[in-house]
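Welcome! Please open your viewer and get ready to select a few residues as we go along.

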Amino acid sequence: MAGKSLAQLLDECTERCRNMDAPLSARLKTLADDVRGLSAEFADVVDRMITRLKESGAGERAPQAGEPMPDFMLPDQTGQLVRLTDLTSRGPVVLAFHRGHWCPYCRISAGALAAIYGEIRSLGAELVAITPEMEQFNAELRGDTKAAFPILSDMDNGYALMLSLAFFVGDEKRRAMIAAGWDIAPYQGGENWTLPIPATFVVGRDGLVKARFIDPDYRFRMGTEAILSAVKSAQSPPLLSP
């Protein structure tokens with residue numbers, strides 16, 4: 001509709017995709033198709049940024065399966081500090097990096113995680129999401145998606161940088177995002193225009209990565225069935241050698 005930004009036009013699309021009776025991958029693809037239908041120019045900017053990230057090997061040096069997951073202590077949406085080692089002392093942990101409450105893909109993904117959170121907890125595991133946003137915006141994402149899991153603030157992408165997941169958005173994408181109605185600087189409390197690759201890790205009680213999903217293309221996320229399968233495997237006792 002005339003006078004509306006791309007961000008505003010996508011609100012209805014996001015809600016429709018979030019409520020689809022379909023796997024997460026299909027919902028995200030539908031949204032990506034909607035973005036291209038509304039603005040092929042913006043979608044082309046996204047494609048060029050993704051190509052740049054893939055060619056640079058973005059995310060490739062993040063912890064692999066079998067490697068230790070670095071510890072963190074980050075505030076949740078209420079300001080309470082959460083430490084990874086405290087969580088893993090009680091069971092496996094799913095860590096899901098999101099770009100922020102403004103991101104329609106993240107809203108759909110966080111909603112899908114909220115739908116399986118009860119099952120994750122029933123398996124003796126925990127789930128936390130991590131964004132580079134200030135606490136009040138994480139609280140907004142939590143409320144919007146009806147998520148019961150904590151959403152942690154990784155200000156200035158400090159933890160994401162440690163994991164080699166953070167990247168500079170780039171001037172072309174920054175200009176396109178602002179024009180589309182997504183100025184992320186106020187949400188992050190700074191003008192560095194850095195975001196995390198929306199990666200997902202499943203970490204065992206031993207602190208080792210059991211499974212991970214990393215794709216510089218933020219339009220793709222780890223499927224909920226794959227997450228649940230990884231959590232179940234992480235809870236299984238290791239096989240003893242004869």
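**First stop: a buried cysteine**

Start by selecting Cys17, which counts as buried because its relative accessibility is 0% (buried means under 20% relative accessible area, exposed over 50%, partly exposed in between, with a 1.4 Å probe and protein chains only). Before moving on, note that this is a predicted model, where local features need pLDDT of at least 70, side-chain atom pairs count only at pLDDT 80 or more, and totals for chains, interfaces and linings use all residues. Residues are numbered from 1 along each chain as its sequence is written, and side-chain values use heavy atoms, with hydrogens and water left out.

Cys13 is in no disulfide, and its nearest cysteine sulfur, that of Cys17, lies 6.5 Å away.

**Next stop: two helices**

Select residues 6-18 for helix H1 and residues 24-38 for helix H2; helices here are DSSP runs (H or I, at least four residues), numbered from the N terminus. They pack at an angle of about 155 degrees, with axes 10 Å apart; axes are lines fitted to C-alpha atoms over the stretch in contact, and angles run from 0 to 180 degrees between N-to-C directions. H1 is therefore roughly antiparallel to H2 (angles over 145 degrees count as such).

Finally, show the contact (heavy atoms within 4.5 Å): on H1 it includes Leu6, Leu9, Cys13 and Cys17, and on H2 Leu31, Val35 and Leu38 are among the residues involved.

Notes. Parallel < 35°, antiparallel > 145°, perpendicular 65-115°, else oblique. Disulfide = S-S within 2.5 Å.
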